[in-house]
Amino acid sequence: MLIGAHMSVAGGVHTAFARAESVGCTALQIFVKNASQWRAKPLEEEHARLFAEERSRTGIDRVVAHDSYLINLGTPDPELWQRSIDALVDELERCEALGLEGLVIHPGSHVGSGEAAGLKRIAQGLRKVLHRCRGFRCRVLLETTAGQGSNLGNRFEHLARIRDGSRSPDRIGFCLDTCHVFAAGYDLRTAEAVKETLDRFHAVCGLDRLGAIHLNDSLRPFASRRDRHAHIGEGEIGRKGFAGLLRDPRVADVPMILETPKGEGLKEDAKNLDLLRALASGRNPRRRPGLRSLEWRKGTLAGDRGRGTGKRGTRAKSKSRTRSKSGAPSKPPRRRASRPEKA
Ligand SMILES: [Zn+2]
Ligand SMILES: [Zn+2]
């Protein structure tokens, strides 16, 4: 089973492996540069060497990257569009140098230009990117989105259209984010619902093209088009849905990555991973008191969980703004990275 988490690369890209190893990851996602800045120092050769070394030492071979929050291939602004293309080329070059199998990207936002124009623009941008990165093995993985604001990618059809318009369909794969698709209106709350959603995905995009899955529960309700990640089993999707996904043989070889809130250290990742492994093996462990989100207690992640199940739910209600401290790519466009990383 390939289960891991998005890990910080503070101290160099290679440092992510030790973090991943300490909580038993078998897959990994990283940023290949600071995700909230355009500029970045070139990848140091020494770091790339250490990266390969750490990769083989830990045996964590399935590694993907996530692109910067600033990139928007769907923008009607020509300057930002060009900048996004250049930035994406730079990121793909880093991924290729590190031997990563995929770079997860958010398709983009149309910013008022309309869905059709936005999708066309994204495909056009990707054509340019892929042309400049001829011969690369690293694929671009288009991520499903919640459809917040003018974000595109909340329908599977969007992703398929972008792939088809890129003229290099073989170099495009997909990343399915559970929180995002659920918020976009694809149900995942039961094993049957998961099966149906995966069937729909397969019919439009192809499960054979699925290069990564992001495992996040959703703080917001079904079809809310709001992107707020919650700890596994503590959101609106719930344990049954994740158990169904983890046990579906069609995605057994797809790296599954947590992007749930983090506090100090990796305690939250460890708990989420323990629970995922239990669910995957058919167990449903009793909730321990400490499992509830530390982030909520600290008041950094607020929201009404509204589970309404009575015995499991305490309701944390607050009007303060939700903010992820994870450094994980949960809510890209307007999010201020609270802990910038340097690759
Ligand atoms: Zn994601
Ligand atoms: Zn993402």
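Modeller: Start with burial: a residue is buried if 20 or more other C-beta atoms lie within 10 Å of its own, exposed if 12 or fewer, and partly exposed in between, with C-beta atoms placed from the backbone. This is a predicted model, where local features need pLDDT of at least 70, side-chain atom pairs count only at pLDDT 80 or more, and totals for chains, interfaces and linings use all residues. Residues are numbered from 1 along each chain as its sequence is written, while chains are lettered from A and ligands numbered from 1 in the order in which they are written.

Colleague: Why does Ala 223 count as partly exposed?

Modeller: Ala 223 has 14 C-beta neighbours inside 10 Å, so it counts as partly exposed. Its phi is positive, about 60°, although Ala 223 is not a glycine.

Colleague: What makes Arg 225 count as partly exposed?

Modeller: Arg 225 has 16 C-beta neighbours inside 10 Å, so the label is partly exposed. Its phi is also positive, near 55°, and Arg 225 is not a glycine. Arg 225 lies in the loop between E10 and E11. Ala 223 is found in that loop, between strand E10 (217–218) and strand E11 (229–230).

Colleague: Why does Ala 203 count as exposed?

Modeller: Ala 203 has 11 C-beta neighbours inside 10 Å, so it counts as exposed. Ala 203 is found in helix H7. Helices (H or I, at least four residues) and strands (E, at least two) are DSSP runs, numbered from the N terminus.

Colleague: What span is expected for H7, and what does H7 reach?

Modeller: The expected span is 1.5 Å times one less than the number of residues. H7 (residues 191–204) has 14 residues and reaches 20 Å from its first C-alpha to its last, close to the 20 Å expected.

Colleague: Which residues of H7 are buried, and why are they on the same side?

Modeller: The buried ones are Val 194, Thr 197, Leu 198 and Phe 201. They cover an arc of only 100° around the axis, which puts them on the same side of H7. That arc is taken over the directions from the helix axis to the C-beta atoms. The face turned away from the buried side carries exposed Glu 192, Asp 199 and Ala 203.

Colleague: How do you know that strands E3 and E4 pair?

Modeller: Two strands pair if DSSP finds at least two bridges between them. Three bridges join E3 (residues 62–66) to E4 (residues 102–105), so under that rule they pair. The two strands run parallel. Val 64 has Gly 102 in E4 as its bridge partner.
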